[in-house]
Amino acid sequence: MRRLNILCVQLGFHEAYPDASTLATTYNDGIYYVASFVQQEYPDARVEMCQMFWGEKPEDFPLADYDYILISALATHFWSNIETIELIQRAKRPGCVVIMGGPHAAFAPYEVLRYADYAVIAEGEIPAVQLIKALEEGEPLTQVDNLAYIGADGELVLNTVARYGNIATAINPKFLARAPKLHWATVSMSRGCPFACSFCYAIRLLGRRFRTKTAADVRDELDAIYEQTGCNRFYVTDLNFTTRKDYCREIAETFRDRGYKFIAMSRVNHADDIDLVLDLKRSGFDEYCLGVESEDPSVLQAFNKRVDPSEQTRRLLRFAENDIAIHSAIIFGLDVQDRQAIEATARWCAEARIMHPVFVCLAEYPFQNLLYGARQDVEDHRIIMEVPTYQHYSFVGIFPREMRPSALQRGILDSYDIFFKRAFEIETRPQRRARLKAYARSVDRGRAGMQQHITFLEELEKPYYTSGGTLREHVLKADFDARHGELRAWLSRSAKSTDVEFVKKYAR
């Protein structure tokens, strides 16, 4: 086989809409695992990484030299970088294949295929290698897992979705050689989540079966990243790190002597095993991103959350009492969440001692029920599409029924003021107050973007609401059908919603 030249690109945020989260200085690890696996399978290939999060630009690379260009993107990255994607199309050599993966390719392949030759709609390492092999050897594409593309007849093709066993891929530290000073390095210790929260797309990418790396492999991976970057703090991107207590204890023991710090994703009932919480804390796990989302039982029920809402506050206070810092996304946008409910939730976040709440809008991709038979919380026609803030959860991306989008965006913005005011009244410990101040500075980075988005929404929403602020849904739906009816008909000819096996593997 010829010696391949491959460029992997992580698209970045729009300059007007930065990611204001405390983890914004890190990187998305998915493209790094794909690049590392491809390099492992093709050791003679020249595989390079372009990380736009750090200011690198594809045009700074010899685009005409590559055989394959792999691009990873969230929706907001995709719609913020159309000019960059078009530049890649113009500058690449004839015959160069563009493959796009990540959440946007998975849930809107019909959009990315305007610019890419192929889209990967689930886990990407094995499909990327399968696809390169098939193209290099002239084999049919039908056996390539998790692949979407436009067939010879002009129709969308969706190949079989595959879920894999334990993939021991580690991030090759050479791909971090040009990294600036990182506040957090991003890694994965396991994949999959046994739960089915309706708003969570992650299990559609990584499956519901929980699969772990070995603790020894994780240790070697993190040690290599530390040696390359000097970063000793790690954001664990596992969907639900604490799914298996025995694995958590093994990880805790493995990292007892390393001095690393960790943020891991978990569920709020992790607080019920305080011995495990403290065991992990001794090994550096003193921060968690918890799936809290709301204190309102009706909201949690709507999201298919299997938690006892009456226990949430007690559990969150237990974390605070043990100096565990909690991050959580708090979701607004359901019909039951009026302005009063939004303000009450923001105050509750402070009173429950959440340290880093991120107030976000309920977000959906259109056509998920049609294409994949997957549940949606928002109907297709109420989704605001194809803008740089699309699926960037801090920015409102829907037309609510009883609240203008701009009013919901103001509610999200005001929630931070309500939270910080109450949190500083409650928090007395100097270390926690210092963290609150640091988080407030981080939030301030996103305020100008939110104000700009409010102006955009005020213009967009004008035709669709009564003077009282109620959605004129028939008008909105008629406009949506006129704009996207042909696309919907085209997608329906490739839809997998009636394919029982596909839906079983892919639907949330």
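This is a predicted model: local features need pLDDT of at least 70, side-chain atom pairs count only at pLDDT 80 or more; totals for chains, interfaces and linings use all residues.

Residues are numbered from 1 along each chain as its sequence is written, and side-chain values use heavy atoms, with hydrogens and water left out.

**Strand β1**
- Strand β1 (residues 5-10) is largely enclosed by the rest of the structure, because six of its six residues are buried (under 20% relative accessible area, with a 1.4 Å probe and protein chains only).
- Strands here are DSSP runs of E with at least two residues, and helices are runs of H or I with at least four, both numbered from the N terminus.
- In a regular strand the side chains alternate between the two faces of the sheet.
- In β1, N5, L7 and V9 are buried on one side, and I6, C8 and Q10 are buried on the other.

**Pairing of β1**
- Two strands pair if DSSP finds at least two bridges between them.
- β1 runs parallel to β2 (residues 46-51), with six bridges joining them; Q10 stands opposite Q51 of β2.
- β1 also runs parallel to β3 (residues 68-72), through five bridges, and L7 has I69 of β3 as its bridge partner.

**Largest pocket**
- The largest pocket holds about 620 Å³ of space.
- Its lining has 29 residues, and G12, F13, H14, E15 and N81 are the closest to the pocket centre.
- α2 (75-80) and α3 (82-91) are the elements that give two or more residues to this lining.
- α3 supplies the largest share, four residues.

Technical notes. Buried means under 20% relative accessible area, exposed over 50%, partly exposed in between (1.4 Å probe, protein chains only). On a 1 Å grid over the protein atoms alone, a cavity is a set of points where a 1.4 Å probe fits but cannot get out, and a pocket is an open set with protein on both sides within 12 Å along at least five of seven lines; lining residues have an atom within 4 Å of a point. Grid points are joined across faces, edges and corners, and a volume is the space filled by probe spheres set on the points.
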